[in-house]
Amino acid sequence: MEYRRLGKSGLQVSALSLGSWLTFGQQISDETADELMGVAYDAGVNFFDNAEGYAEGKSEIVMGKSLKNHGWERDTFIVSSKVFFGAENKGPNGIGLSRKHVIEACNAALRRLQVDYLDLYFCHRPDKNTPIEETVFAMNTLLQQGKILYWGTSEWSAAEIMEAISVAKQYNLIGPTMEQPQYNLLERKKVENEYLHLFNNHGLGTTIWSPLASGLLSGKYTKGSTGDTRLDMKGMEWLKESVLAEEKLDKAKKLQEYADELNIPLAKLSLAWCLNNPNVSTVILGASKTEQLKENLTTIDILPRINDEVIEKIESIMQTKPVL
Ligand code: NDP
């Protein structure tokens, strides 16, 4: 495994990490989740990603049990939660980034994950109904209490992140260390354009999500059905419609041909492409089966093959490079 600094922080995070959205507490059994955690940890993964909103809090309960079950020493892994969407429907103060919800959601995540502190705590989305000052102060309270070690954002605009950094500077507080954006061969604008000054001038780290665009960039939907996948899960019609858009499928099909030429599984090529960006601190993997995770974890081995020629060819196929 390769380890990278989380932005300018001193924290070393495995280049590949494991997330639990849609899978833990929902799509897969608790036994499979426990097995995935073990496979990841044994391969050197040290970061496990979660959120209060995943499976309405069940995802954190399943992960917490698995962490306990494996008995790993606390200083050998990094675990996260995210606040914003709420774990269960608890009314107007059960969501958002108010001081009340940020503090209560953290305490609830600690209970569900059965840990004394969260290594990373994210604001899952910006909250238009809470002043950024209130959230920055709440995060710093949790830092002071030792309940979180680093805080960050997810899917915030560069301007919003910059505002949080400025507020923190103004009051001598600790600003966001990392952002969690979507980043893959089809979704590149934030990471490759909008956030550049945050990387260069403020040392922002990134924990990127949906590196395979929900499985599309593994190539499996160019060959066949959506059976036994997240796209056929109840309530995921919106995702199915987005993932199976004709233009995206066409690109995936062409990329699959190139991956075949290189004799590299497309999932690994797509993940390696993400890792090739030095502003990516960690690529969060998702998996519903241990075989998927095992395949994806061997991506590190093919990194030396991702040279300029390969990148150029991928660019010419995808045509998704944002204009600077
Ligand atoms: P991916 O885009 O990599 O999708 C993972 C899914 O793709 C798997 O669950 C599986 O789906 C399929 N898959 C994975 N590997 C293979 C393979 N080798 N061959 C075939 N199919 C494969 O990542 P996710 O969308 O799961 O995102 C990763 C993590 O990022 C999440 O778990 C979560 O922690 C985080 N996240 C954060 C968000 C945020 O707003 N901050 C939003 C979304 C995710 P299937 O079961 O269908 O086969």
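1. G19 counts as buried because it has 26 C-beta neighbours inside 10 Å. Here, buried means 20 or more other C-beta atoms within 10 Å of the residue's own, exposed means 12 or fewer, and partly exposed is in between, with C-beta atoms placed from the backbone. You'll find G19 in strand β3. Strands (E, at least two residues) and helices (H or I, at least four) are DSSP runs, numbered from the N terminus. Setting aside residues up to four places away in sequence, G19 touches D49, W209, I284, L285 and G286; contact means C-beta atoms, placed from the backbone, within 7 Å. For a sense of scale, G19 and Y221 are 202 residues apart in sequence and 22 Å apart in space, C-alpha to C-alpha.

2. A word on what you're looking at. This is a predicted model, where local features need pLDDT of at least 70 and side-chain atom pairs count only at pLDDT 80 or more, while totals for chains, interfaces and linings use all residues. Residues are numbered from 1 along each chain as its sequence is written. The protein averages a pLDDT of 97, and 100% of the residues score at least 70; pLDDT is the predictor's confidence in each residue, from 0 to 100. For the complex, the predictor gives an ipTM of 0.99 and a pTM of 0.98.

3. Now the barrel. Eight strands close up in the order β3-β4-β5-β6-β7-β8-β9-β10, with parallel pairing. Two strands pair if DSSP finds at least two bridges between them. Take β3 (residues 16–19) as a way in: L16 and L18 point one way, S17 and G19 point the other way, and all are buried. In a regular strand the side chains alternate between the two faces of the sheet.

4. What sits beside β3? It pairs with β10 in the parallel sense over three bridges, and L16 stands opposite V283 there. β3 also pairs in the parallel sense with β4 (residues 47–49), over two bridges. In that pairing, G19 stands opposite D49.

5. The ligand has 28 residues around it, and the closest are G19, G215, T229, G286 and S288; a residue is near a molecule if its C-beta atom, placed from the backbone, lies within 6 Å of it. By class the shell has nine nonpolar, 14 polar and five charged residues. Ala, Val, Leu, Ile, Met, Phe, Trp, Tyr, Cys and Pro count as nonpolar, Asp, Glu, Lys and Arg as charged, and the others, Gly among them, as polar. β10 and α13 each supply at least two residues of the shell, and α13 gives the largest share, three residues.

6. The largest nonpolar core holds 90 residues, and C106, L118, I208, L217, C274 and V283 touch the most other members. Such a core is a set of buried Ala, Val, Leu, Ile, Met, Phe, Trp, Tyr and Cys residues joined through C-beta atoms within 7 Å. Have a look at I208: leaving aside neighbours within four places in sequence, it is in contact with P181, Y183, V191, C274, V280, V283 and I284.

7. Helix α12 is mostly covered, with ten of its ten residues buried; among them are K268, S270, W273 and C274. What does the covering? It includes β9 (205–208), α11 (246–262), β10 (282–285), α13 (290–297), α14 (299–302) and α15 (308–318).

8. Y195 is worth a click. It lies in the loop between α7 (189–194) and α8 (196–202), and it is buried because 23 other C-beta atoms lie within 10 Å. Beyond its neighbours within four places in sequence, Y195 is in contact with A158, E179, K190 and L204. Y195 and D42 are 153 residues apart in sequence and 33 Å apart in space, C-alpha to C-alpha.

9. Finally, two backbone angles to check. Most residues other than glycine have a negative phi. F84, in the loop between β5 (78–83) and α4 (99–113), has a positive phi near 160 degrees. Q319, in the segment after α15, has a positive phi near 55 degrees.

Definitions and conventions
Contact = placed C-beta atoms within 7 Å.
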